[in-house]
Amino acid sequence: MPELPEVETVRRGLEPVLVGARLTAVRQNRPDLRFPFPERFIDRLDGAVVERIDRRAKYLLAALSTGETWVTHLGMTGRFTLAGVAPGGFAHQVPTAGKHEHMSLDAVSGPLVTRVGYTDARRFGFMGLIPAGALETHAWFAGLGPEPLGNGFSGTHLAGAFAGRKPSIKVSLLDQRHVAGLGNIYVCEALFRARISPRLPAGQVSQPRLEALAAVVRDVLTEAIAAGGSTLKDFANAEGGQGYFQHRFDVYGREGQPCLADGCTGTVTRIVQGGRSTFFCPVCQKG
């Protein structure tokens, strides 16, 4: 599943094309994705101007001139594609259609018309149209924790959220109620850099270590965004390209390989926590 850096990469790829553009020629090729498309989806999008594109956790949020927000979750294989002449220096061309393209539209900005498509082979993604004032209380967003790159995320916040908790620090960091948008790959990487065992109960991690962990989480995500996100098999950014952070992974996907920490003789190990693979070095991450 695309994680926060991948979604942010897509947001940045769409921003120069969609912001300020009027949406026209909206096409819907099936009634549903993971969930049904919103009622009168085409009519409500057609003619709207995109005022800005934000991200909340792993959701893309396009604020529209109609007062609604077009919300997209990419699921596992969802991707936007851009065709035609796209502003922002886009370098890659991608197929403009196909059997897995489920909706598309034209983004009109002055004389420039850019075709934007949404494809999703597995159809685990979904879209919604939500009144702007109702976003925070909507079921998709109510109860989400702070953004890991926002001002509300800190060691102090984590200490309060994890106080007395017996579940592991790894599982707790993936709980979207504690921090929004963190996914399996980057939690593994952050815990490795912070030298914290993924098995350690969250409530036993001291506040100073949580402060260091919060800083490391920011660093890992910032690096991944700068590199364009990880190159997971089914992920491609809005330009049709792929990111390169996968080549920098210290532990994720490296089971049985030597630890990359200076002077460490450990071997990367894989365990399963909360149904997800955890990669870590049992030598570097003892506690």
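Contact here means heavy atoms within 4.5 Å, and helices (H or I, at least four residues) are DSSP runs numbered from the N terminus. The model is predicted, so that local features need pLDDT of at least 70 and side-chain atom pairs count only at pLDDT 80 or more, whereas totals for chains, interfaces and linings use all residues. Residues are numbered from 1 along each chain as its sequence is written, and side-chain values use heavy atoms, with hydrogens and water left out.

**Exercise 1.** Determine which residues of α3 meet which residues of α6, and describe how the two helices pack.

*Solution.* On the α3 side, the residues are G155, T156, L158, A159 and F162, and they meet Q207, L210, E211 and A214 in α6. The axes of α3 and helix α6 (residues 207-227), which are lines fitted to C-alpha atoms over the stretch in contact, lie 8 Å apart at an angle of about 125°. Angles run from 0 to 180 degrees between N-to-C directions; those under 35 degrees count as roughly parallel, over 145 as roughly antiparallel, 65 to 115 as roughly perpendicular and the rest as oblique. The pair α3 and α6 is therefore oblique.

**Exercise 2.** Locate S168 and decide whether S168 is buried or exposed.

*Solution.* S168 sits in the loop between α3 (155-162) and α4 (169-174). Buried means under 20% relative accessible area, exposed over 50%, and partly exposed in between (1.4 Å probe, protein chains only); S168 counts as buried because its relative accessibility is 11%. Leaving aside neighbours within four places in sequence, S168 is in contact with P198, R199, L200, P201, A202 and Q273.
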